[in-house]
Structures are given as structure tokens and as C-alpha cells.
Amino acid sequence: MHQWIVGIFTFFSFLCFGLQSSHAQTSKNTYPNKSIRLIIPFAPAGVTDTSGRYIADQLSKKLGQSVIVENRTGASGNIGTGLVAQADPDGYTLVLGFDGTLVINPNVFAKIPFDSVKDFAPVGKIGDAVLILVANNNFPGKTLTDVIQISKKDPNGLSYGTSGTGGTPHIAGELFKQKTGANLIHIPYKGGGQALIDVLGGSIPLVYTAVAGAAQYVNTNRLTPIAVSSKTRAPSLPNVPTFIESGVPNFEVSSWVGLLAPAGTPKPIIQKLNTALNEILSSKEGRDRLEEMGIVATPETPEQFEEQIKVDLAKYRSVVKAANIKVE
């Protein structure tokens, strides 16, 4: 009798385990089976928002489920990003990652609600938003060498505007100073748009900003392009040299955007999302649409994106420390 009972128990245990395994396999294979939420930790209308909304729309078509965008602003992106760090790792909550939030904020804020490496599972990078140094047309310099020489001759330094303290253009400007000895004075604005207005009006001689915002003024000869700080020339401004071409070796600073999930999200889900994302980025439509936003599409693996996050965290840590940049 005892053996019969044990046999029955074993049979039902095996049956239940088999059903659970089958359910788990079915759930994995049918992901997603409901809407996905994409948190964008910035206000609508900026390049992070527009690129994120485009990717969300395309992912909805690829995955067969709605990808719903939710803007959760505050603390330079820390609030919305922190919410995703604490979300269930089931693939149904994603965050639009931005270099300013993930690799600069940890170095300039005394405290943030997430660990950029430990709290997230990278899905993939969307692309690089190229940065450019532009000048008022009355500025006597036309090249990066001119900027360096003019700045060193002025005991008060040469002013350059950016979208704000601790942003990627500010960090790029500080790195430029450290590499070349240029005597530059940072002028922070509450957004790149206002900085561009002031350089157009002649209130400041230079602005370090995203190509997306400056290209229209460069193409209509209202601003003088000095150089872009990407590794290669910007597709939208092919005649503008890079910082590297202009004599600053290994100088590469671009903003980037990408997708991340909470740490612990199953690898098959990450891989499915990465495959769909890279199909979008590899298509002509995807490349062209992102280029219109000033972003160069960069289809990559989750591991490549994770490595860039780690490398940039270390790179900007040294720049921030040397420049003593702090954000309250």
C-alpha cells in the first residue's frame, strides 16, 4: 500500500511539474502577450522623447503588442529611470536610457535611486546623437585650432554655452579643455534651445550642442560650424570635420540613447527585444527617421551596450572629478 501511494504521488508530482514547465515554456514563447510600458524619463518633444516614441511605435508593429510611452520626468532623468530599476523583471516595463542619466548622473549627483550596471539588463543601443561646436558668424575663428588659440590669448577665457551643468555637452567641453588646455568658460542654460538663441544673437561666441538643433542654422549659414565630436563625420553635416580630424586625438563624445529592462529579466525576452530593435535600426526607414532627429542608428548586442555603459561611466568619472562638477 505504501509503495502504491508513493507511486501515485510521484506520478502527480511529475504531471504537475510537466504542466508548470509547459506553461513556462509557452509564456516565454508567446512573449509579449500584453502591452509593454516604455518609460521616458524626460518631458515630451526633446530628442530622447521623439526617438523613444518612434522606437515604441515600431516595436509595437514588430511584437504584435502595444508599446505605451509614459513620460516620468524629474531630477535629470533619475526619477523615471529609478522607477524602472524597481519594476518587475518580466519584460513589460522598459526605460529609454540616456547617457546623461546612466553614465553622467552617477558621477555628478551625490545620490541617485539606481545603479546603472547592477539594476538594469541592457536591451540594445538605439543610436548616437552627434554633438557639435558652433560659433556666432562674427566670431573670428573658423577652426578648432582657432578656438584654442583665441581662448588662450584671452585672460578672461572664451565663453561657450550648453544645455546645462552636468549635461553631455558640458562634460564634452570640460574634456576638450583638459585635452587641449583651452581657456574656456562654461555658461549653463536651461536647455540647448536658449543657448542657440543667444549664440545666434551674439550674446555668447560658442555653443556646444546636439547636431539635431544646430543643423538648420549651419545649413542656412546663420552659424559657423567648428567641429563635431563623434568618431566620424555626421551624415547630416558631411562637410564639418571631427575633433579628431581637427587635431584632438581620440576625442569622441556623443550622446546616446538605448533600451534597458530591469535586472533579472529573462535572457530570451532580452534577446527577442534586441532582435526586434535591431531590425528597426537596420532598415532604411529606421536609419532615415533617426537621422532626421540627429541620431546615427547603431544596432548592437545587449553585451556591447552593457560594455559601453561601463566604459563611459569610468571615462566621465575622471572628467567630472578633474573639473569638480557637482549637481545638487
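Predicted model: local features only at pLDDT ≥ 70, side-chain atom pairs only at ≥ 80, totals over all residues.
A residue counts as exposed when its relative accessible area is over 50%. At 70% relative accessibility, Asn250 therefore counts as exposed.

**Aromatic pairs**

- Searching the whole structure turns up 8 aromatic pairs.
- One of them joins Phe243 and Phe251, which are stacked with 4.7 Å from centre to centre and 15 degrees between the planes.
- Phe243 and Phe251 are both buried.
- Another pair brings together Trp256 and Phe305: the ring centres are 5.3 Å apart and the planes stand at 85 degrees, so this pair is edge-to-face.
- Because Trp256 belongs to strand 10 (residues 255–262) and Phe305 to helix 11 (residues 302–323), this pair ties together parts that are 49 residues apart in sequence.
- Trp256 is buried, and Phe305 is buried as well.

**A lysine over a ring**

- Lys34 lies over the face of Tyr92, and its distance from the ring centre is 4.7 Å.

**Backbone features**

- As background for this group, most peptide bonds are trans, and most residues other than glycine have a negative phi.
- Between Tyr31 and Pro32 the peptide bond is cis, with omega near -5 degrees.
- To find Pro32, look in the loop between helix 1 (2–30) and strand 1 (36–40).
- Ser76 is not a glycine, yet its phi is positive, at about 55 degrees.
- The loop that holds Ser76 runs between strand 2 (67–71) and helix 3 (78–85).
- Ser76 has a relative accessible area of 41%, so this serine is partly exposed.
- Asn250 sits in the loop between strand 9 (223–228) and strand 10.

Notes:
Residues numbered from 1 in each chain as written. Heavy atoms only, no water. Phe/Tyr/Trp six-rings, centres within 6.5 Å; stacked < 30°, edge-to-face > 60°. Buried < 20%, exposed > 50% of the residue type's maximum accessible area, 1.4 Å probe, protein only. Helix = DSSP H or I, 4+ residues; strand = E, 2+ residues; numbered from the N terminus. Lys NZ or Arg CZ within 6 Å of the ring centre and 35° of its normal.
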